[in-house]
Amino acid sequence: MKTIGITGGVGSGKTEILSYIRENYPCEIILADELAKELQEPGRACYAPLVELLGEDIVGADGRILKAAMADRIFRDRELLEAVNGLIHPAVIAEILRRKELAKKNDKIRLFFVEAALLIENGFDKICDEMWYIFARESVRRERLAVSRGYSGEKITAIMEKQLSESMFRENCQVVIDNSGSLAESIGQIDRILEAYQWQK
């Protein structure tokens, strides 16, 4: 089983790429950001440590962590933000590794994908055999974000400025998928890469 990290800037089309892979290859796909949210649910690994760190006032009437209250606390305090990340990121990596070991025992799973916008920054690349950068031209990404999410030009610029540069993505990834054009063109690139591993769909 090969473990592949998937990353790329906002609007690059990671979701549609992963949808195609999920439907056509024997794989398991972990979305790191979704997993982080799961681990903040009551009874999961991050819940009690976060409540202890941030206080009971971040817990709602239903017992779940109030995301807005948590965000308000940590984004006003850099040290607190780093402490929260220090809790969540190791827990996410530990859970990914646990699921990876389970996947290895399943003969039907040949590919294990980990997707995260901050894959490189958060060290997820260290648990992957190979890194894929989903690239799309900036103009294409801007158009997608404006149409699909209704983002303003200012908001798109603000998000992009916080992300890694294209050169950093390319420097840290072994495979580049150009998703600037049609999905069919991207699928052709993916099929050529995965078929080179001599795995059947």
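User: Which residues does Lys-100 touch, not counting residues up to four places away in sequence?
Analyst: Lys-100 touches Met-1, Thr-3, Phe-112 and Ile-127. Contact here means heavy atoms within 4.5 Å. Before going on: this is a predicted model, where local features need pLDDT of at least 70, side-chain atom pairs count only at pLDDT 80 or more, and totals for chains, interfaces and linings use all residues. Residues are numbered from 1 along each chain as its sequence is written, and side-chain values use heavy atoms, with hydrogens and water left out.

User: Where is the place of Lys-100?
Analyst: In helix 5, which covers residues 78-104. Helices (H or I, at least four residues) and strands (E, at least two) are DSSP runs, numbered from the N terminus.

User: What is the nearest side chain of opposite charge to Lys-100, and how far away is it?
Analyst: Asp-129, at 5.0 Å. Lys-100 is buried and has no salt bridge. Buried means under 20% relative accessible area, exposed over 50%, and partly exposed in between (1.4 Å probe, protein chains only). A salt bridge is a side-chain nitrogen of Lys or Arg within 4 Å of a carboxyl oxygen of Asp or Glu. For charge, Lys and Arg count as positive and Asp and Glu as negative, while His and the chain ends are not counted.

User: Now Arg-141. Is Arg-141 buried or exposed?
Analyst: Buried, and again without a salt bridge. The nearest side chain of opposite charge is Glu-138, 5.6 Å away. Arg-141 lies in helix 6, and Glu-138 has its place in helix 6 too.

User: And what is Arg-141 in contact with, leaving aside its neighbours within four places in sequence?
Analyst: Gly-9, Val-10, Gly-11, Ser-12, Ala-136, Met-160 and Gln-163.

User: Back to Glu-138: why does it count as partly exposed?
Analyst: Because its relative accessibility is 44%.

User: How many salt bridges does the count come to?
Analyst: Eleven, by the 4 Å rule. As background, side chains of opposite charge can pair when their charged atoms come close.

User: Take helix 5. Which residue forms a salt bridge with Glu-95?
Analyst: Arg-98, with the closest N and O atoms 2.8 Å apart. Glu-95 and Arg-98 are three residues apart in helix 5, so about one helical turn separates them. At 10% relative accessibility Glu-95 counts as buried, whereas Arg-98 counts as partly exposed at 45%.

User: What else is Glu-95 in contact with, leaving aside neighbours within four places in sequence?
Analyst: Leu-35, Leu-39 and Arg-44. By contrast, Glu-95 and Arg-144 are 32 Å apart in space, C-alpha to C-alpha, and 49 residues apart in sequence.

User: Which residue forms a salt bridge with Glu-101?
Analyst: Lys-104, with the closest N and O atoms 3.2 Å apart. This pair is also three residues apart in helix 5, about one helical turn. Glu-101 is partly exposed at 43% relative accessible area, and Lys-104 is partly exposed at 46%.

User: What about Arg-76, which residue does it form a salt bridge with?
Analyst: Asp-72, the closest N and O atoms being 3.2 Å apart. Arg-76 is exposed, with a relative accessible area of 60%, and Asp-72 is partly exposed at 44%.

User: New topic. How much space lies in the largest pocket?
Analyst: About 1,600 Å³. On a 1 Å grid over the protein atoms alone, a pocket is an open set of points where a 1.4 Å probe fits, with protein on both sides within 12 Å along at least five of seven lines; lining residues have an atom within 4 Å of a point. Grid points are joined across faces, edges and corners, and the volume is the space filled by probe spheres set on the points.

User: How many residues line the largest pocket, and which lie nearest its centre?
Analyst: The lining has 42 residues, and Asp-33, Glu-34, Lys-37, Ala-117 and Leu-118 lie nearest the centre. Leu-118 is in the loop between strand 3 (111-115) and strand 4 (130-135), and it counts as partly exposed at 38% relative accessibility.

User: Which helices each supply at least two residues of that lining?
Analyst: Helix 1 (14-24), helix 2 (32-38), helix 4 (67-74), helix 5 and helix 6 (138-148).
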